[in-house]
Amino acid sequence: MSTYEIIAPKNLEATINLPASKSISNRALIVHALCGGQLPNNLSDCDDTHAVVNALKDMPETINIGAAGTAMRFLTAYLSVTPGDHTITGSERMCHRPIGVLVDALRMLGASISYEGKEGFPPLHISGHSLLGGKLEIPGNVSSQFISALLLIGPVTKQGLTLHLTGEIVSRPYIDLTIHVMHGFGASVEWASTDTIEVKPKPYEDSRYLIENDWSASSYWYEMASLYPSGSVNVVLNGLEDSSRQGDSVVKYIFSLLGIKTSFKEVHSGKPTSVTLSRHLDHVATLTYDFINCPDLAQTIIATCCALDIPFHFTGLASLRIKETDRLEAMRKELGKLGFVINVANDSEMTWDGTKCEATMEAINTYEDHRMAMAFAPLAIKFPGLRINNTEVVSKSYPSYWDDLRLAGFTIKSK
């Protein structure tokens, strides 16, 4: 387990080839497995996607997906409609992340799933077979990955799927992203109303699907850019589309409030293929934002606001409690090491009123969470010599993160 000390360059100038979107990759892989044909182009080279690829390639009796939450949810649904008997498990943390809502929904469609340990949690034993499909009702405030997992198998059920979402619908952009990927493979799936999705029993079509690059990964470069003075930033990020269905593409709007201008470059086809970030706008004095539709951006924005001395009130953070770690508590504790007194309320809100304490500058712990490492590393711009423990966790979504920082002029020393 490595510890890095990070020293930032005086200016930020770099052209970065961002990783492919793991969110799109994992959805496209499940669809590909259900229809056969050629693998999607530009697959993500990260742990989560490797977990899906290896499982689909080898289909062992016991599938261990490690810490890959998307793989756990999507493969649970996929195995339910695929003939064969399998046990799916994961890391210790994964086996403490609830999956009962998805299992109950799949059982209502006729799936044969049993718990190998504690009720409501992995590992699961699944006996796959064709499912009838039909109508389902599921709370809209559960993980969008549960909803996406059900949608992805909808076209291969005998009757299709009508999914009614009750209450508040969280992370709607991730549901829309799933529908967009399904459309790319010829599926007939639409929002029938504001809370109901209909999937017709129409087989997927083979498609040479192209995965776009990851807007979530771009957020760390936005964070870095915001921490430099005006006129000292020129960052080009390749492979991003202005019209992206990725929910985290909202990062360009949020960071416009934090002083960053986003400029798109178009190629002959008219499709934007890269963005240039520049730092020359004033930032807001305080920031209030609801992360209900983009929770994966929260850690980046929290860290950025602290570094820029911008008091904040953030809501819609309930899902952060059950991610790779309890991200609310992890952020509160680790920012305390840098002198920021953060408050957590109602299990879904985080605030900072500008209160500070003495910084200990202890090494930042990452809690086996890739986004902890990547959100804190840019803070070396404001805190020279910042140290981060267990830096290898970035492989979960952005394996080349540290190499890209070095490319941008950061000095990274192993301690």
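Predicted model: local features only at pLDDT ≥ 70, side-chain atom pairs only at ≥ 80, totals over all residues.
Residues are numbered from 1 along each chain as its sequence is written, and side-chain values rest on heavy atoms, with hydrogens and water left out.

Across the whole structure, 13 aromatic pairs were found. Rings of Phe, Tyr and Trp (its six-membered ring) pair if their centres lie within 6.5 Å, and planes under 30 degrees apart count as stacked, over 60 as edge-to-face and the rest as tilted. Tyr 289 and Phe 291 form an edge-to-face pair, at 5.0 Å centre to centre and 65 degrees between the planes. Both residues are buried (under 20% relative accessible area, with exposed over 50% and partly exposed in between; 1.4 Å probe, protein chains only).

The pair of Phe 312 and Trp 352 is tilted, because the ring centres are 6.4 Å apart and the planes lie at 45 degrees. Phe 312 belongs to strand S15 (residues 312-315) and Trp 352 to strand S17 (residues 349-352), so this pair ties together parts that are 40 residues apart in sequence. Strands (E, at least two residues) are DSSP runs, numbered from the N terminus. Phe 312 is buried, with a relative accessible area of 4%, and Trp 352 is likewise buried, at 2%. Tyr 289, Phe 291, Phe 312, Phe 314, Phe 340, Trp 352 and Phe 383 make up one aromatic cluster.

Charged ends also sit over aromatic rings (NZ of Lys or CZ of Arg within 6 Å of the ring centre and within 35 degrees of the ring normal). Lys 252 places its charged end over the ring of Trp 215, 5.1 Å from the ring centre, and that of Arg 406 sits over the ring of Tyr 4, 5.7 Å from its centre.

Conventions: Helix = DSSP H or I, 4+ residues; strand = E, 2+ residues; numbered from the N terminus.
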